[in-house]
Amino acid sequence: MSSVRFVFPKPRLAELLAMPGGLPVAEAVERAQANLESIKPTCTAELLALLELCEAGYATLRDGFDDAALEGIYAIAVKGIGAGEVCGAPSVDVALTSFCDLLDHLRTLRRFDRAAVGVHVQAWRLLMSPGAPQAGAEQMLEGLLKVRARYAAEAAAAASDAA
Amino acid sequence: MALDASSRARFNLEKASILLLDDTPMGMSILVQIVTGLGAKQLHRCTSIEMAQEVAQTHEIDLAVVDALAPSGQGYDFVQWLRRETQEPNCYAPVLITTAHTPTGDIVRARDAGGHFIIKKPLAPIVLLERIIWVARASRPFLFSGTYVGPDRRFRDDGPPDGVGRRREDLAKAEAEAKAQAEREAEPQAEAPPERSTG
């Protein structure tokens with residue numbers, strides 16, 4: 001049995017938002033999009049640098065489950081999520097989310113699947129290629145999601161058993 | 001309700017003091033470009049928990065956009081610290097948590113951190129703006145319990161599950177209702193209010 005206390009704060013943000021001046025929603029969103037466009041080259045370079053790190057990490061993976069190694073690759077992949085959209089390659093964000101899910105599942109299950117990890121790394125490279133056809137990207141993402149799904153249900157069952 | 005990206009409605013973020021926490025240059029850069037585009041001018045850019053704590057202790061914060069900082073998830077710890085350890089008004093500051101990916105083991109941690117919203121990356125300017133406006137206007141009550149401090153996470157109050165109370169207040173309410181019911185049942189029929197005469 002626990003007791004609770006409620007407080008009703010009045011955040012200043014509501015008053016500030018309503019102050020005279022400011023921007024119309026449409027203009028603000030346009031400006032933000034234009035700002036993001038201005039960092040596209042830097043973002044692309046940083047995303048490619050992360051991809052190279054990931055490829056190097058993948059190349060050094062040994063057979064058998066190695067939690068620290070998978071965690072290292074996860075730490076690289078997760079940093080790339082969100083950049084794909086800015087770089088004009090939104091499929092990369094989807095692929096990296098699938099990759100992070102897969103790595104999380106493998107770590108939960110204490111398993112290793114070189115092919116499943118490898119296909120995600122290769123997909124990341126292909127989706128970063130300039131001029132990659134959209135139809136091909138969609139097929140590739142479908143494939144990645146299937147690979148991820150192979151472990152998802154099992155990991156969910158393992159997590160609920162552990163809870 | 002979704003915010004219309006072509007709306008001419010105005011809002012003003014110029015005077016809002018905004019704490020941004022993201023430990024990657026790319027993540028911080030994306031966030032800064034979005035919030036400056038939305039008109040924010042007073043930004044506290046923090047690339048570590050320590051910097052964010054320093055800012056939260058020395059400046060009044062109107063809004064915090066905090067990355068979960070995967071894989072460590074230290075962003076959640078920062079939000080929990082903000083709720084429990086800082087003075088008013090910062091302990092009540094609206095907090096939007098951004099996350100690239102939430103590992104299964106961090107889902108409960110994310111839920112219990114005390115943020116107003118969790119936003120999945122990639123961040124879209126319209127979504128961030130929609131959440132900022134919502135969080136400012138909704139003014140959700142804050143809940144202090146043994147294990148959770150933060151905005152009330154319930155968007156609907158259906159009462160305790162299956163009518164079974166979990167909290168001291170629920171029990172007291174149930175006891176009072178039971179007592180009142182017992183008293184009503186014990187009342188003699190003669191004490192029922194007389195019927196009004198229509199004559």
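Two strands are counted as paired if DSSP finds at least two bridges between them. Helices (H or I, at least four residues) and strands (E, at least two) are DSSP runs, numbered from the N terminus. By this rule, strand 1 (residues 5-7) of chain A pairs with strand 7 of chain B over three bridges, in the antiparallel sense. A:Val7 has B:Phe142 as its bridge partner in strand 7 of chain B.

The model is a predicted one: local features need pLDDT of at least 70, side-chain atom pairs count only at pLDDT 80 or more, and totals for chains, interfaces and linings use all residues. Residues are numbered from 1 along each chain as its sequence is written, while chains are lettered from A and ligands numbered from 1 in the order in which they are written.

The predictor assigns the complex an ipTM of 0.92 and a pTM of 0.86. Confidence in each residue is given by the predictor as pLDDT, on a scale from 0 to 100. For chain B the average pLDDT is 87, and 83% of the residues score at least 70. Residues 188-199 of chain B stay under 50. For this stretch the model has zero contacts beyond four places in sequence. A contact here requires that the C-beta atoms of two residues, placed from the backbone, lie within 7 Å. Where pLDDT is low, the predicted coordinates should not be read in detail.

Chain B is split into domain 1 (17-151) and domain 2 (161-186). These bounds come from an automatic or database domain assignment. The C-alpha centres of the two domains of chain B are 39 Å apart.

Five strands of chain B form an open sheet with parallel pairing, in the order 3-2-4-5-6. Strand 3 (42-46) and strand 6 of chain B stand at the edges. Each has a single partner strand, so one side of each is left without a neighbour in the sheet. On average, neighbouring strands of this sheet are turned by 20° against each other, direction ignored. Axes are lines fitted to C-alpha atoms, for helices over the stretch in contact, and angles run from 0 to 180 degrees between N-to-C directions.

Within this sheet, strand 2 (residues 17-21) of chain B is parallel to strand 3 of chain B, and five bridges link the pair. B:Leu20 has B:Arg45 as its bridge partner in strand 3. Strand 5 (residues 95-99) and strand 6 (residues 117-120) of chain B also run parallel, joined by four bridges. Here B:Thr98 stands opposite B:Ile119.

Strand 5, helix 4 (residues 107-112) and strand 6 of chain B build a right-handed β-α-β unit. Right-handed means that, with the strands pointing away from the viewer, the path from the first strand over the helix to the second runs clockwise. Helix 5 of chain B lies across strand 4 (63-67), strand 5 and strand 6 of chain B. This helix runs at about 175° to strand 6 of chain B.

The peptide bond between B:Glu88 and B:Pro89 is cis, with omega about 5°. B:Pro89 is in the loop between helix 3 (74-85) and strand 5 of chain B. A cis peptide bond also runs from B:Lys121 to B:Pro122, with omega near 10°. The loop between strand 6 and helix 5 of chain B holds B:Pro122. B:Leu69, a residue other than glycine, has a positive phi near 60°. B:Leu69 is in the loop between strand 4 and helix 3 of chain B.

The two chains meet over 56 residues of chain B and 53 residues of chain A. On the chain B side, the elements giving two or more residues are strand 1 (10-11), helix 1 (25-37), helix 5 (125-138), strand 7 (142-144) and helix 6 (168-186). Helix 1 of chain B gives the largest share, eight residues.

A second open sheet spans both chains, with three antiparallel strands in the order 1(A)-7(B)-8(B). Strand 1 of chain A and strand 8 (149-151) of chain B are the edges, each with a single partner strand, so one side of each is left without a neighbour in the sheet. The twist averages 25° from one strand to the next.
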